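Please consult the sequence and the structure shown here while reading the points below.

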Amino acid sequence: MALILFLWIFSLVACKVPEVRVTCIFSEDCILPCSFTPTNGEVKIQWYQQEALILSLQQAEQSLNLGNVKLISDSSVSDGNASLLVKQVDARSRGRYKCVVNNVTLTFAVATVEAPIRSISIDINPSGLIQCSTKDVYPAPVVQWSSEPWLSPAALQPTTRMAPGGKGLFTVDSILKQQNYSLDHIYMCNITSKYGTQTLTSSLQQQEITGFEGKDLVIPSKAPKNLQSFSLVWTFTAANKTTDILTYDSRTRKSRSYWNHAELKEDNALKGNVSLSLKNPGLEHSGIYTCAFLGAETRHVIQTRVVISSSRQGEDFLKFNPWMLGIVAGLIVLLALTLIIKRYRVKSKRNQDSPREDVEIQSINPEKTSEEPQAGNKHMTQPSGSHS
C-alpha cells in the first residue's frame, strides 16, 4: 500500500515537471532552458539525453562533459541558470533531454533538429522533364505539385527522390512529365518542411515567340501578383551554355545589364512588367531566355524559346506575300473566265449547228418528194398511152 502511494505521489510530481519544445537549426548552436532557485550551498547540475548522462557539474566533484554540450555559462549558475548549450547541432542532437538540479528533475526539453529549406529551383532537364529540387534539408520534406489551369494528380504523376547525404541532410529531386499542351499551363512545385514551419514554392511557365534579324524584339515577362518584392535574373541559353543578360531588384529599383543590346523599361518594371527588349538581334540570339523571379519563399521561372529568322526572308515574305496572293487570285479568276468563255463558245457552236442540220435535211427531202411524183405520173400515163 505504501509503495502504491509512493508511486502515485511520484507520478503527480513528475506530471508537474514542465516540458519545453525547442527547434534547433542544423550546424548552429542551440540552448535548452533550465532554471532553479539559487541557494548558498553547493549546486549539482545534471543533464540527460534519452536517460543517458551527458553532463554533470558539482563544485566538490569532478565534472562530466560528453560530446559538444556545456552549460550556457558557469557564472550564471549562481543566478539559477542551468541552461544547456548544444554546439554545432546535427541529427544526433535531437531527442528528449532532462535537467536535474540537486537530484530534483526541473525540466524536460524536447529538441527537434531542422535544416531549413534555403533554396528551391525549377527547370527543364535535357530529357524535357520538369525538375524541382532542393538540397541540404532535414528531415525529409514533403513535395506537392499543382498546375494552372488545374490538372488532376493522375495527369501529373511526379516522381520524387530523397537521398540523404554524408551529414544526414537530404537532397530532393522531383520530376514531372510535361503535358502535350504544356505551353498552356503553369506548373507549381511546393516543398514543405516536415514540421510545417516553412513552404517554398517554385513555378514554371513556357512560351515561344519568333523574331527577325535586325528587328527589335520584346520578350514578355510579368511578375506574379502575389510577389511584392523580388530580385530578377534574365539568362540566355544556347548550345548548352548559359550566360547572364541582366539583373533587377524591385526594392532598390536598380538594374544591371551585361548585354549592350538588352534592357528593361524602368517605368514598366515598377508595375511588375519586366519584359526584355532586344535591340537589333541577330541569328545568334536564337535560344532559350529565362526570367527567374526570386522572392523570400518563392521562385517563379518563365522560359521563352526565341527563334530569330533571317531579315531578308522576313522582308521578302512581308513584301511579296500580298503580291503572291494577288497573282494567285488573278490566276484563279483568269482560269474561271477561260472555262466560262470556252463553255459559252461550245454552247454557241451547238446552237449554230442545229439550224444548219435542219436546212440540210430540208434541202434533201424536197428532191425526194419531186422524184416520187414524177415516177407516179409516169406510171399512170402508160395505160393512157397504150390505150390511145
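**Sheet and disulfides in a predicted model**

E17 and strand E22 (residues 276-278) form an antiparallel pair over 3 bridges. The model discussed here is predicted. Its disulfides number 3, and with the bonded cysteines counted in sequence order, the pairing reads 1-2, 3-4, 5-6.

**The three-stranded sheet**

- The pair belongs to an open sheet of 3 strands, ordered E17-E22-E21 with antiparallel pairing.
- The edges of this sheet are strand E17 (217-219) and strand E21 (262-263), each of which pairs on one side only.

**Disulfide Cys24 to Cys30**

- Cys24 is joined to Cys30 by a disulfide with an S to S distance of 2.0 Å.
- The torsion about the S-S bond of Cys24 and Cys30 is about -60 degrees, and the disulfide is therefore left-handed.
- Cys24 has a relative accessible area of 4% and is buried, because buried means under 20%.
- Cys30 is likewise buried, at a relative accessible area of 5%.

**Disulfide Cys34 to Cys99**

- A disulfide also connects Cys34 with Cys99, again with 2.0 Å from S to S.
- This pair links distant parts of the chain, 65 residues apart: Cys34 lies in the loop between strand E2 (30-32) and strand E3 (44-49), and Cys99 lies in strand E8 (residues 95-101).
- The link of Cys34 and Cys99 is left-handed, with -75 degrees about the S-S bond.
- Cys34 and Cys99 are both buried.

**Disulfide Cys132 to Cys189**

- The sulfur atoms of Cys132 and Cys189 are 2.2 Å apart, and the two residues form a disulfide; the cut-off for such a pair is within 2.5 Å.
- Distant parts of the chain are linked here as well, with Cys132 in strand E11 (residues 130-137) and Cys189 in strand E15 (residues 186-192), 57 residues apart.
- A torsion of about -80 degrees about the S-S bond of Cys132 and Cys189 makes this disulfide left-handed.
- Cys132 is buried, its relative accessible area being 1%.
- Cys189 counts as buried, at 0% relative accessibility.

**A further cysteine**

- Cys291 has 0% relative accessibility, so this residue counts as buried.

Key
Residues numbered from 1 in each chain as written. Predicted model: local features only at pLDDT ≥ 70, side-chain atom pairs only at ≥ 80, totals over all residues. Heavy atoms only, no water. Pairing = 2+ DSSP bridges. Helix = DSSP H or I, 4+ residues; strand = E, 2+ residues; numbered from the N terminus. Buried < 20%, exposed > 50% of the residue type's maximum accessible area, 1.4 Å probe, protein only.
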